[in-house]
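Let's go through some of them, one question at a time.

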Amino acid sequence: MREKTLFIFYFIVLHYVLISFTQQIPLVLNNNLYHRQDNLTLTDLHIKEVPDAKDKTTVLSMAKMSYDAYIELESLKDHWIDLGDWDTIPFGWEKDGVRGYVFSDNENKIIIIAIKGTSLSYLPYGGGPISKNDKFNDNLMFSCCCAKIDITWKGVCGCHKSGWNCDNTCLHKESKIEGSYFISAKIIFEKVKKDFPNSDIWLTGHSLGGSLASLLALNNSLPAFTYQTPGELLYAERLGLITNDPHKLPIYHFGHTADPIFMGVCNGRTSICYHWGFAMETKCHTGFSCVYDTKSKLGWKSDIRSHVVSWKKIVKIVNIGISYNKGLSP
């Protein structure tokens, strides 16, 4: 009972802090929404231009879309952040799986796929049947071996062997099972690519959604801006996506040092992730980790509530500057 009460308290607070943050983001006109980063070599990419990861307006604009990916327009329209002239196409809301929106500019030159992150059953909204599937994929993607942390955990697949060993061949197969969000995300991507054959496609998302965006970007040589994502490098290796240097692609993971999920430290028996049934054991990212050092520069402490922050905190974070590191760096 105590754990459930703490769960409800933390995530209701997080939810309303997020609403407060997003409703205060100033509207940016469509023609100034993005700065393009022209100094990257695009020979190996399937696009003509990429977003500029060092431009604050671009970073915040993509963050808006990542937030909107959580909002079901029919029932939660008041929480939606208006992005101006961008057209919006929903996907996945009729099913218990990958959800989000496709954003297109008024000339269909740029298409941005924004993927929803994890929904939780104890939230006032956004939970329901999909929260179970979200949690399953979190544990499949971000655990070392099927979320079989210790004898008290049932696990999400049968690859765990005696003596705390893991069958890697089994894991590779399980990563491509029917319930895998990555497989569903690939289907969505292929449809978008077919519908917009001459457009540049970018990807974005928060948390689980950001990791899926990164995996799609890696699989299709596209840019991605992700926000506070768990480490997805291990899962990318299991899928067979790491064939070349993954740090040559414009995949940027934005996060800060006080977020235990982004930093890969929300694990172990004393962590709140463990007690909520989330096996968040991975740490490393593909692409580049764009890290705001909120612990040393702002005095913040590592806290699960920092996985989502208010707009005032976002301003503080952006103003202290980012350290750009390759995802393999700890």
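Q: Why is the disulfide of Cys 146 and Cys 157 called left-handed?
A: This is a predicted model, and in it the torsion about the S-S bond of Cys 146 and Cys 157 is about -85 degrees, so the disulfide gets the label left-handed.

Q: How do you know that Cys 146 and Cys 157 form a disulfide?
A: Their sulfur atoms are 1.8 Å apart. The cut-off is within 2.5 Å, so this pair counts as a disulfide. Cys 146 lies in the loop between helix H4 (129-142) and strand E6 (160-161), and Cys 157 is also in the loop between H4 and E6, so the link ties together parts that are 11 residues apart in sequence.

Q: What makes Cys 146 and Cys 157 count as buried?
A: Buried means under 20% relative accessible area. Cys 146 has 1%, so it counts as buried. Cys 157 has 15% relative accessibility, so it counts as buried too.

Q: What joins Cys 159 to Cys 170, and which hand does the link have?
A: A disulfide does, with 2.0 Å from S to S. The angle about the S-S bond is -75 degrees, and the link of Cys 159 and Cys 170 is left-handed. Cys 159 sits in the loop between H4 and E6, while Cys 170 is in helix H5 (residues 168-174), 11 residues apart.

Q: Are Cys 159 and Cys 170 buried or exposed?
A: Cys 159 has 0% relative accessibility, so it counts as buried. Cys 170 has a relative accessible area of 18%, and because the cut-off is under 20%, Cys 170 is buried as well.

Q: Why is the disulfide of Cys 266 and Cys 273 called right-handed?
A: Here the torsion about the S-S bond is about 105 degrees, so the disulfide is right-handed. The S to S distance for Cys 266 and Cys 273 is 2.0 Å.

Q: What makes Cys 266 and Cys 273 count as buried?
A: Cys 266 has a relative accessible area of 4%, so it is buried. Cys 273 has 4% relative accessibility, so it counts as buried.

Q: Why is Cys 284 called partly exposed?
A: Its relative accessible area is 28%. Partly exposed covers the range between the buried cut-off of under 20% and the exposed cut-off of over 50%, so that's the label for Cys 284. Cys 290, on the other hand, has 0% relative accessibility, so it counts as buried.

Q: How many disulfides are there, and what pattern do they follow?
A: The count comes to four disulfides. If you number the bonded cysteines along the chain, the pattern is 1-5, 2-3, 4-6, 7-8.

Q: What makes up the lining of the second largest pocket?
A: There are 24 lining residues, and Gly 92, Lys 95, Val 98, Ser 184 and Ile 188 lie nearest the centre of this pocket. Strand E3 (87-91), H4 and helix H6 (181-195) each give two or more residues to the lining. The largest share, eight residues, comes from H6. By class, the lining has 12 nonpolar, six polar and six charged residues. As for volume, the second largest pocket has about 530 Å³.

Q: How do you know that Ser 214 is buried?
A: Ser 214 has a relative accessible area of 1%, and buried means under 20%, so Ser 214 is buried. You'll find Ser 214 in helix H7 (residues 208-220). Leaving aside neighbours within four places in sequence, Ser 214 is in contact with Ala 224, Thr 226, Glu 232, Ile 251, His 253 and Thr 286.

Q: Which residues touch the most other members of the largest nonpolar core?
A: Of its 73 residues, those are Phe 103, Ile 113 and Phe 254. H7 gives the most to this core, with seven residues. There's also a second, separate core of six residues, which includes Cys 146, Cys 159, Cys 170 and Leu 171.

Q: Which residues does Ile 113 touch?
A: Not counting residues up to four places away in sequence, among them are Phe 91, Tyr 101, Phe 189, Trp 202 and Leu 203.

Q: How many helices and strands are in the protein chain?
A: The protein chain has 11 helices and 12 strands. Buried residues make up 55% of its 330 residues.

Notes. Residues numbered from 1 in each chain as written. Predicted model: local features only at pLDDT ≥ 70, side-chain atom pairs only at ≥ 80, totals over all residues. Heavy atoms only, no water. Helix = DSSP H or I, 4+ residues; strand = E, 2+ residues; numbered from the N terminus. Buried < 20%, exposed > 50% of the residue type's maximum accessible area, 1.4 Å probe, protein only. 1 Å grid on protein atoms, 1.4 Å probe; cavity = no way out; pocket = protein on both sides within 12 Å on 5 of 7 lines; lining within 4 Å. Points joined across faces, edges and corners; volume = space filled by probe spheres on them. Nonpolar A, V, L, I, M, F, W, Y, C, P; charged D, E, K, R; others polar. Contact = heavy atoms within 4.5 Å. Core = buried A, V, L, I, M, F, W, Y, C linked by side-chain atoms within 4.5 Å.
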